[in-house]
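Please read the following note beside the sequence and the model.

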Amino acid sequence: MGSSTFPSNDITSPSTNIDEGEQLRGIHLQDLLGMIRNAEKNIHLLNQARVRALEDLEKIFDEKEELQGEMNILEMKLAETDARLKVAAQEKVHVELLEGQLEKLRDELSSRGNSEDYLQEMNNAVSSSQVDLVNSFSQELDLLREENMSLKDELQVLKVELSNIRESHQQMQMLEEERSVLESSLKELELKLAASHEDVSEISSLKSECKSLYEKVEDLQTMLDNATKQADQAILVVQQNQELRKKVDRLEESLNEANANRLSSQKMQQYNELMQQKIKLLDERLQRSDEEIQTYIQLYQDSMKEFQDTLSRLKEESKKKTKGETVLDKPPGFWSNLLLMVDGWFLEKKISVDEAKVLREMIWNREVRICDAYISSKGKIEREIIATFLKQTSSTRGTRLHVIHIAAEMAPVAKVGGLGDVVTGLSKALQKKGHLVEIVLPKYDIMRYDLIQDLKALDAPIESYFDGRLFKNRIWVGTVEGLPVYFIEPHHPSKFFWRGQLYGEDDDFKRFSFFSRAALELLLQAGKKPDIIHCHDWQTAFVAPLYWDLYVPKGLDSARICFTCHNFEYQGAAPASDLASCGLDVYRLNKPDRMQDNSANDRVNSVKGAIVFSNIVTTVSPSYAQEVRTAEGGRGLQATLNSHSKKFVGILNGIDTDAWNPATDPLVKVQYNSNDIEGKAENKEALRSHLGMSSANVWQPLVACITRLVPQKGVHLIRHALYRTLELGGQFVLLGSSPVSQIQREFEDISSKFKNHEHARLILKYDESLAHLIYAASDMFIIPSIFEPCGLTQMIAMRYGSIPIARKTGGLNDSVFDVDDDNIPIQYRNGFTFLKADEQGLNSALERAMYHYKNDPEGWKQLVQKDMNIDFSWGSSASVYEDLYQKSVCRARATNRP
Ligand SMILES: Nc1ncnc2c1ncn2[C@@H]1O[C@H](COP(=O)(O)OP(=O)(O)O)[C@@H](O)[C@H]1O
């Protein structure tokens, strides 16, 4: 299988997607330009802030230097004061000595008693020397006071310096704020850049912008590096501050010492205390300021580091995304969140278990598109997000599939009914979608060999097992409708496919179990590795158990098995022992939960086996899928279907709109289309004359029916419709044949009655060409089925402008909507329906149709045109099959199953 993506099943038209994509690209580009402009502004602002910070730091330097100088002076002055205080202390000692001597002298004088004048003289002399000393001391004190005053001033200046420092801190704070603004705008930029990667095609146009952005981010990085250097310088300043503080501490100590010496002077002591308090205050402030600076710088450095980390990550991501790499570097939390989101959707029943499984696998695999889907769905409502995610699962289908149909019919070469149409129509639609589709058919003797191109036998017989021995099969290859087909011709004495008919033989069970085994043998020996083996109806239902039980062990193990039941009326039940012929283990399989028929424990049921052993089980319309799960519709298989309901789905068939196209149909008399329906009247005329019916009244309505004449089709109602149409003044044509001899005889009798009737004809055979002409000629088409799995004739009739009159059952209920039913939106109304499978029911619809036809020719014409324009092609139904195939293949790969 290739790895290229095939078209998704998105129903939006491609042109709309392209327009939206371009719009989105335009919006992203504008956003990106806006973001770049914002980033440039921010960078500019940052630049200015950096310049201011540099200036501030220079100022701080200068101021610190000055401060230091002043501190030095202060220190010197304090040293001087200290020295002077010491001198003063010595002089005080000297004065005390003098006073002692004076006292002594006084004592001597008093002891001498008569020398009072001398004493007075001496006293005066001492006092005057004492006054001199006091005077010089107070001068010293005045000097000290002055110096202390100047110290006060210095401290005042220091205070101012400190407030300047605080201002510079504020600026740094501003810087920090600007940095965080810049950071958030860069984060925004990161988000938008990531979003811009949503569309891979955008990357190339965004690359150059990313590059310039990247350069700007580089510049930003350089500036940030500078800012970090500045922060380092600021730390230096703080260290210098700390040294200064140490000096102040030393100063304080000196002052303390001085204080000790100043005890003698009360004023000096008070002054010193004051000084001490002020220095302490100054010290505290300095300390706080240091701490603040330290905190700011720490914060600044932390955020710078964070910023640099973010930038580096951003740059790395940007580089990786430019290179188109994956998203392995998303944090684990991102993926965990996605997983939880998917689990939530599943638990709330918003997505199916299969969808949840595929999504989980994509998340586990860290797939880019899941990441992109998440980014692109930001801001959307949950329903839209789920849709976006599920779209990724459908585009998982990124690879083309190899599908092999194993079937008993294929239109137009081997067709009995709708099964043949489906095999060809679905295969062609899947092939158109880019898948490799092959078909394996029995080589019937009565095939339309003229419609097989390049038919040739391979010179390599395939041997397959049956009834205890090996039989040779000749393999033929050819193309039908552009599809590769393998035809198996068994060399078996029973000449299984040499019977003049496709089905209805006594040994049908043997014939088709042989064919199923031979088909798998062909795939094994041809070395095929299909992704899907699709088998149809009971005839090839054996493929499912044969595959798992016998062929997977032999190495044919790449496929998932899809089984489509086109009609649950035919189940391929037979005595259990018959199963052994094709090599299946009867003992193991004849169990209630495997192939045992639900109504007889000694019989096996091949349709039941396929339901049990297939990965996907489908039927041909949603309504029929519901009906067969009930006791009335299930024909004994309802319990099996209900217990396997998770893999069971109803998909409405399409029709091959190339083969059934009135505008190109070579089998009609006059080709026509919905814009020009004149040709219809000419075809009516052609059919009438071909069948020898009256052409007198061009407006006489022609009612047709093309069908297998089996009870399912409501044969008694078909017969009644013939009579009632004639009563209502219309014409009636029946093309059909019956495998039931009694019914065939009954209709042959009626046919002979109307042999020469001018308004009715019964053609009791299978005639493809006539069928085309009848669809083109008829005005109304009757389908009164008792049950109808899908029904193709109503769709083909509408495509040819013949209005269906149908019973509301199965696929008819999903495709025909009554023109008079107000509960149906007007755009869907396309025919006439009835519910009760009886004559009254049919009459009511037939009579209304006749009434509309006769009384509202313009309205009828519009109805014809509307029906012709309805899209019954395989396109959308094939997409549903494609989806089921892909999901099944995906699941198998995820769990590594064969
Ligand atoms: N006698 C007939 N001659 C030609 N085509 C017939 C005849 N009977 C049925 N068909 C074709 O067989 C197909 C019937 O398919 P469908 O409506 O699904 O019924 P079923 O598969 O049950 O027979 C249609 O393509 C229809 O045109």
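Is A837 buried, exposed or partly exposed?

1. A837 is partly exposed, because 17 other C-beta atoms lie within 10 Å; a residue is buried with 20 or more such atoms within 10 Å of its own, exposed with 12 or fewer, and partly exposed in between, C-beta atoms being placed from the backbone. The model is predicted: local features need pLDDT of at least 70 and side-chain atom pairs pLDDT 80 or more, while totals for chains, interfaces and linings use all residues. Residues are numbered from 1 along each chain as its sequence is written.

2. A837 is found in the loop that joins β19 (832–834) to α24 (839–855); helices (H or I, at least four residues) and strands (E, at least two) are DSSP runs, numbered from the N terminus. Leaving out residues up to four places away in sequence, A837 touches G714, L717, I786 and R807, where contact requires C-beta atoms within 7 Å. The C-alpha atoms of A837 and L717 are separated by 7.8 Å, although these residues are 120 apart along the chain.

3. The largest nonpolar core contains 160 residues; such a core is a set of buried Ala, Val, Leu, Ile, Met, Phe, Trp, Tyr and Cys residues joined through C-beta atoms within 7 Å. Helix α10 (residues 508–525) gives the most to this core, with nine residues. A519 is one of the residues with the most contacts inside the core. Beyond its neighbours within four places in sequence, A519 contacts I406, V440, I488 and V543.

Note on methods. Two residues are in contact if their C-beta atoms, placed from the backbone, lie within 7 Å.
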